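This briefing concerns the domains, the ligand shell and the nonpolar cores of the structure shown below.

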Amino acid sequence: MTAARAPMDAPVTDPWPAPRALGPVTAEVSLPGSKSLTNRALVLAALADGPSVVRRALRSRDTLLMAAALRSLGVQVDSDGDDWAVRPGPLTGPADLDCGLAGTVLRFLAPVAGLTDGSVRLDGDPHLRVRPIGELVVALRQLGVAIEGDGLPLTVHGTGAARGGRVVIDASASSQFVSGLLLAAARFDEGVDVRHDGKPVPSLPHVEMTVAMLRERGVQVDDTDADRWVVAPGPICALDCDIEPDLSNAAPFLALAAVSGGSITVRDWPERTTQAGDLLREILAAMGCQVERDARGLTVHGGGTLRGVDLDLHDAGELAPAVAALCALADSPSHLRGIAHIRGHETDRLSALATELEGLGADVTEREDGLSFRPAPLHGGIFRTYADHRMAHAGVIVGAAVDGILVEDVATTSKTFTGFAPFWAGLVEATRDPAQD
Ligand SMILES: O=C(O)C1=C[C@@H](OP(=O)(O)O)[C@@H](O)[C@H](O)C1
Ligand SMILES: C=C(OP(=O)(O)O)C(=O)O
């Protein structure tokens, strides 16, 4: 894994003056669809027994890359507007797939590539090449898929079918290894019986999301035993579906209510969901916010001061950057633990968060599997983002509370949210008194 630390004098790309909230921000927002649900729905639609529509799909870099990759494999994806029509066809190679920096695109499509009739090359951004993939490659080989390379770029040599069967994998680096195997499993000749052996699988709600979406499409999945998932071979039924708003991307918006003492409502917050972002309700309540859900959605009222928290985020590591920003602003100590695996996310997030928050004055200690904070006054400065959308979210949260924060490359948020910066600025700047400008 490459270190996240950049030399302090390295040039900063496009520093963005993060808008400061000059009063309580009160707003109701509709957020784009979930990346995790959209990319699963697209893969399952591509492998299904007929055409289907993915409604309210997320249109952002990760999902556009998924759609483009599926098209390269012979699937028709018509992604005009929010409702994406998917018409499966025979999966064909050769193809060259750009996975960007998207874990879901790489780890969901490597197994799919094993079902094609040709050579499929997978590669992506420079940092994708250092994100974990080796265990999935070994597992796919055990399932009868021929793969050249142990890391990116990889070439999968498809023969039109894959055997499947039993496999043991260490999925402690990423739950996406399991999700990727399960999504394609029903189309393997023998299905797939996958057992995890290693430290606990992180982000388990995401595996539950995969299992739930497979069952909705008529696939038989047995997950009775811990760390084992058995998918029977058979068709994946085509299903039109609606994508929920992205609850992980709700984190910066709800955090804005917390840091400004305002009230933010995220519309259409689902009553029941497999999205890990739903944990934000508990986290923000523990930090002192008032949280309520009603017919409009989820509303967070900031209480003025923020309490520190002691949290195991193993199930929801993608929330760590936004939560870490709040911990840096809290008036008592915090410990975030159980998140060693986020060193393998878009960047080494533990190192990047420790470095960047410390650079703004935070009293933060980087631990092997987390971060600890003690209250300290923050000041303005540069917040580097390392091409990581959620680092940018952390930077703008601090920027809403502290004068003079410059967030590097805020455009990196387009991974999962197109137009994030103007949307954010519109909300935060609504608190400004124009007479004072
Ligand atoms: O399957 C998914 O959609 C995801 C699983 C998680 O990955 P890890 O298990 O690698 O943390 C999560 O962090 C990521 O944002 C999305
Ligand atoms: C870890 C994340 O992304 P990916 O799907 O690329 O793994 C994330 O969005 O926080």
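A residue is near a molecule if its C-beta atom, placed from the backbone, lies within 6 Å of it. The model is predicted: local features need pLDDT of at least 70, side-chain atom pairs count only at pLDDT 80 or more, and totals for chains, interfaces and linings use all residues. Residues are numbered from 1 along each chain as its sequence is written, with chains lettered from A and ligands numbered from 1 in the order in which they are written.

**Ligand 2**
- Ala102, Gly103, Thr104, Glu318, His345, Glu346, Arg390 and Thr416 surround ligand 2.
- This shell comprises 1 nonpolar, 4 polar and 3 charged residues (Ala, Val, Leu, Ile, Met, Phe, Trp, Tyr, Cys and Pro count as nonpolar, Asp, Glu, Lys and Arg as charged, and the others, Gly among them, as polar).
- Domain 1 and domain 2 each supply at least three residues of the shell around ligand 2.

**Domains**
- The protein is divided into domain 1 (16–32 + 245–436) and domain 2 (35–242), with bounds from an automatic or database domain assignment.
- Their C-alpha centres are 30 Å apart.
- The contact (C-beta atoms, placed from the backbone, within 7 Å) involves 19 residues of domain 1 and 22 residues of domain 2.
- On the side of domain 1 that touches domain 2, 5 residues are nonpolar, 10 polar and 4 charged.

**Nonpolar cores**
- A nonpolar core is a set of buried Ala, Val, Leu, Ile, Met, Phe, Trp, Tyr and Cys residues joined through C-beta atoms within 7 Å, buried meaning that 20 or more other C-beta atoms lie within 10 Å of a residue's own.
- The largest nonpolar core has 75 residues, and Leu254, Leu256, Leu326 and Val398 have the most contacts inside it.
- A second, separate core of 73 residues includes Leu97, Val105, Phe108 and Ile236.

Conventions:
Buried ≥ 20, exposed ≤ 12 C-beta atoms within 10 Å, placed from the backbone. Contact = placed C-beta atoms within 7 Å.
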